[in-house]
Every structure is written in structure tokens, then in C-alpha cells.
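Q: I would like to learn how to read the features of a structural model, one at a time. Could we start from a single residue and work outward from there?

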Amino acid sequence: MTIMTIHEKLRAARLKKGLTMLEASKLLGYKSYGCIQKWENGQRVPSFASLVKLAKLYNLDLNYLLGLKNEP
């Protein structure tokens with residue numbers, strides 16, 4: 001079983017929701033998709049506040065995003 005990294009989880013969750021990076025960023029209250037792009041490329045890690053927003057938007061358990069659970 002392969003464990004996904006946080007950036008892989010975020011990308012998979014966004015695609016599963018059928019959202020573009022721009023649509024996801026707007027729903028999260030960001031003006032551009034740069035933050036989403038950097039999170040999904042592994043260049044940056046979202047802040048805790050952003051992780052909470054992402055978990056709510058994608059309907060994911062925060063423990064899954066943090067790597068404490070292997071299944072969403």
C-alpha cells in the first residue's frame with residue numbers, strides 16, 4: 001500500500017470534486033490559484049488554518065490530510 005503525500009492528497013481531492021485550481025482557490029477565499037498550485041506541487045505546505053478550510057471544502061478528515069489516517 002502506497003502512502004500518499006499531502007500534496008498528492010490535495011490534488012486528488014480537488015480532482016475528485018471536479019474543481020480547477022482557480023475554482024478551489026476562489027472557494028477558499030484566495031484571489032489566485034498560486035497557493036493551490038504550490039501546495040499540490042509540494043513547493044509549500046498549507047498553514048493549519050488552510051488545512052482546516054481544505055478539509056471542509058473537500059469533505060476530508062483532517063487526520064487524513066495530516067497523515068494520521070491512511071483513508072479519507
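This is a predicted model: local features need pLDDT of at least 70, side-chain atom pairs count only at pLDDT 80 or more; totals for chains, interfaces and linings use all residues.

Q: Which side chain does Arg14 join through a polar contact, and what else is in contact with Arg14?
A: The side chains of Arg14 and Glu40 are joined by a polar contact of 2.7 Å. When neighbours within four places in sequence are left aside, Arg14 is in contact with Leu19, Thr20, Met21, Ala24, Ile36, Glu40 and Tyr58.

Q: Which residues of H2 are buried, and how should I read their pattern?
A: The general idea comes from helix geometry: an α-helix has 3.6 residues a turn, so residues three or four places apart point the same way. In helix H2, which spans residues 21-28, the buried residues are Met21, Ala24, Ser25 and Leu28. Seen down the axis of H2, these buried residues fall within an arc of 100°, so they line one face of the helix. What covers them includes helix H1 (6-17), helix H3 (34-41) and helix H4 (48-58). Just after H2 comes Gly29, which takes a positive phi of about 90°.

Q: What are the buried residues of H3, and what covers them?
A: The buried residues of H3 are Cys35, Ile36, Trp39 and Glu40. Viewed along the axis of H3, they fall within an arc of 125°, so they too line one face of their helix. Their cover includes H1, H2 and H4. Glu40, listed here among the buried residues of H3, is the partner of Arg14 in the polar contact described above. Just after H3, Gly42 takes a positive phi of about 80°.

Q: How is H4 arranged, in terms of which residues are buried and which are exposed on the other side?
A: The buried residues of H4 are Ser50, Leu51, Leu54, Ala55, Leu57 and Tyr58. Seen down the axis of H4, they fall within an arc of 165°, so they line one face of the helix. On the other side of H4, Phe48 and Lys56 are exposed, and for Lys56 the relative accessible area is 67%. What covers the buried residues of H4 includes H1, H2, H3 and H5. H4 is followed by Asn59, whose phi is positive, near 55°.

Q: How many aromatic pairs does a search of the whole structure find, and how is such a pair described?
A: A pair of aromatic rings is described by the distance of the centres and the angle of the planes. Here the search of the whole structure finds 1 aromatic pair. The rings of Tyr30 and Trp39 have their centres 5.9 Å apart and their planes at 80°, so the pair is edge-to-face. Of these two residues, Tyr30 is partly exposed, with a relative accessible area of 24%, whereas Trp39 is buried, with a relative accessible area of 8%. Not counting residues up to four places away in sequence, Trp39 touches His7, Leu10, Leu28, Tyr30, Arg44, Val45, Pro46, Ser50 and Leu54.

Q: Which ring has the charged end of Lys9 sitting over it?
A: That ring belongs to Tyr64, and the charged end of Lys9 sits over it, 4.4 Å from its centre.

How values were computed:
Residues are numbered from 1 along each chain as its sequence is written. Side-chain values use heavy atoms; hydrogens and water are left out. Buried means under 20% relative accessible area, exposed over 50%, partly exposed in between (1.4 Å probe, protein chains only). Helices (H or I, at least four residues) and strands (E, at least two) are DSSP runs, numbered from the N terminus. The arc is that of the directions from the helix axis to the C-beta atoms. Contact means heavy atoms within 4.5 Å. Rings of Phe, Tyr and Trp (its six-membered ring) pair if their centres lie within 6.5 Å; planes under 30 degrees apart count as stacked, over 60 as edge-to-face and the rest as tilted. A charge sits over a ring if NZ of Lys or CZ of Arg is within 6 Å of the ring centre and within 35 degrees of the ring normal. A polar contact is a pair of N or O atoms within 3.5 Å; within protein, one must be able to donate a hydrogen and the other to accept it, and residues adjacent in sequence count only if both atoms are side-chain atoms.
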